[in-house]
Amino acid sequence: MQKISVRGGKVLKGEVSISGSKNATLPVMTAALLGESPSILKNVPLLNDIKTMAEVLRKLGSKAVMEDHQLKIDPAGFNKFEAPYELVKTMRASIYSLGACLARQGEAKVSLPGGCAIGARPIDLHLKGVEQLGAKVTIEHGFVHAKASKLKGATIYLAGPHGPSLGATVNVLLAATAAEGTTVIESASIEPEVEELVNFLNAMGASIEGVGTSRLVITGKKILKGVEYSVIPDRVEAGTFMVAAAVTRGDVLLKNAKTGHLTSVTEKLRQIGVSVEAEPGGIRVKGNGNYKPADVMILPYPGFPTDMQAQIMALLAIVPGISIVTETIWENRFMHVFEMNRMGADITIDRSHAVVKGVAKLTGAPVMASDLRASAALILAGLVAEGETLVQRIYHLDRGYEKIEEKLSVLGADISRVN
Ligand code: UD1
């Protein structure tokens, strides 16, 4: 089993290129199934989640060929509708095949994703959405089976107890492209990754109004064609490197990062005392020795993202004073706290709140990553910890960060992958 070894204390300096967005590529890959001709996706990150989704597409009969950062998807053979347990259990985004299979084949069978390290992860809103479009949904033997002789447009309210759902919005958008008449999604997720999917579907010939808003109006039954499309930069990878620069009090230019997608993260870093400035070609982040604590409330976009909660905590752990981080999306997303405390952090959890008392220093330790963003946060903590931090279970990391240790090394970090 591979591990990441980090020796803290280096100040990060230089430039880093931000890769294409994982969370934008995954829905777009599924949408490519809806075309009558192949699509070519560019700026695709080289990640295990992308490989898993390519495998899902192949299981459904289509071709998916990756060459460098370009992915060609040929949906000509897309004639199967089952996403098996072996793939869904490793990557929940496989659930997007529900909407695509219903749209093109009127039937979908997807293994139920179940819970995971960060929370229960229900899919009731996905199912409610496709049922309102006319699908009959049954759950048997751990699979969702949805069938529709005809999908019909409807008005669907998609907010759940924690606000809009990214995944449900994706599934309903995909299915609605094939529904007769007009579908209105109220309280749709407005995350940039949904905007990207809408732009991609419209480029394919779909008719979706309201891009970037919480009210999407889809006129279905259009013939969709394959297109060439370049994926947006990954805002979570960018945010992670912003914290890397801040925590090491460095000076880093994030090439390709989009300021517009990082407003809440930028605001929070500035409140802490980090300098964040847009420059031609990217975002420059400069750290210093004079930080103030800050409270962070995790909210749906454009609020502070749940996918940056663990990383910002790595920074707050060494900021003098008390910061409170409140997680509202995933009930169990504080697993990194126990590992950070083993590194000398002083963080206590009270239900959905983490009370972070800034400490003067962290010390390196062997730590266990519980999920993708927690892995990144432990590396960030390791960058400032005294001595060696050995991050284990880094298969999570390889799902969502392209060559993170190489990118950090180029910036001057003492980091390597060890067996
Ligand atoms: C969520 C995040 C996304 C992040 C991803 C991985 C939000 C709004 N979404 O997307 O930014 O990249 O996790 O960390 O921050 N829910 C239901 N019923 C459903 C679906 C969801 O109650 O059918 C609830 C979830 O339990 C959760 C919230 O709604 O509390 C948001 O879930 P959703 O956006 O669907 O999750 P992901 O698509 O995984």
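## Ligand contacts

In this predicted model, a polar backbone atom of Pro122 is 3.4 Å from an oxygen atom of the ligand. The protein buries 89% of the 720 Å² that the ligand exposes when taken alone.

## The shell around the ligand

The ligand is surrounded by 19 residues, and the closest are Asp124, Leu125, Ser165, Asp307 and Ile329. By class, the shell divides into eight nonpolar, six polar and five charged residues.

Two helices, H5 (124-132) and H6 (166-176), each supply at least two residues of this shell. Helix H5 gives the largest share, three residues.

## A nonpolar surface patch

Met335, Phe338 and Ile349 make a nonpolar surface patch of about 240 Å². One of these residues, Met335, is found in helix H11, which covers residues 335-342. Met335 has a relative accessible area of 32%.

## Backbone features in loops

A cis peptide bond joins Tyr301 and Pro302, with omega at about 10°. Pro302 sits in the loop that runs between strand S18 (296-297) and helix H10 (309-316).

Arg351 and Lys403 are residues other than glycine that have a positive phi. For Arg351, phi is near 50°. Arg351 lies in the loop between strand S20 (346-350) and strand S21 (353-357). Is Arg351 buried or exposed? Its relative accessible area is 69%, and the cut-off for exposed is over 50%, so Arg351 is exposed.

For Lys403, phi is also near 50°. The loop that holds Lys403 is between helix H13 (395-400) and helix H14 (404-410). With a relative accessible area of 42%, Lys403 is partly exposed.

Definitions and conventions. Residues numbered from 1 in each chain as written. Predicted model: local features only at pLDDT ≥ 70, side-chain atom pairs only at ≥ 80, totals over all residues. Heavy atoms only, no water. Helix = DSSP H or I, 4+ residues; strand = E, 2+ residues; numbered from the N terminus. Buried < 20%, exposed > 50% of the residue type's maximum accessible area, 1.4 Å probe, protein only. Patch = residues over 30% accessible without salt bridge, like charges linked within 9 Å, V, L, I, M, F, W, Y side chains within 5 Å. Areas by Shrake-Rupley, 256 points an atom, 1.4 Å probe, with all protein chains shown as cover. Salt bridge = Lys/Arg side-chain N within 4 Å of Asp/Glu carboxyl O. Near = heavy atom within 4 Å. Polar contact = N/O pair within 3.5 Å; in protein donor to acceptor, adjacent residues only side chain to side chain. Nonpolar A, V, L, I, M, F, W, Y, C, P; charged D, E, K, R; others polar.
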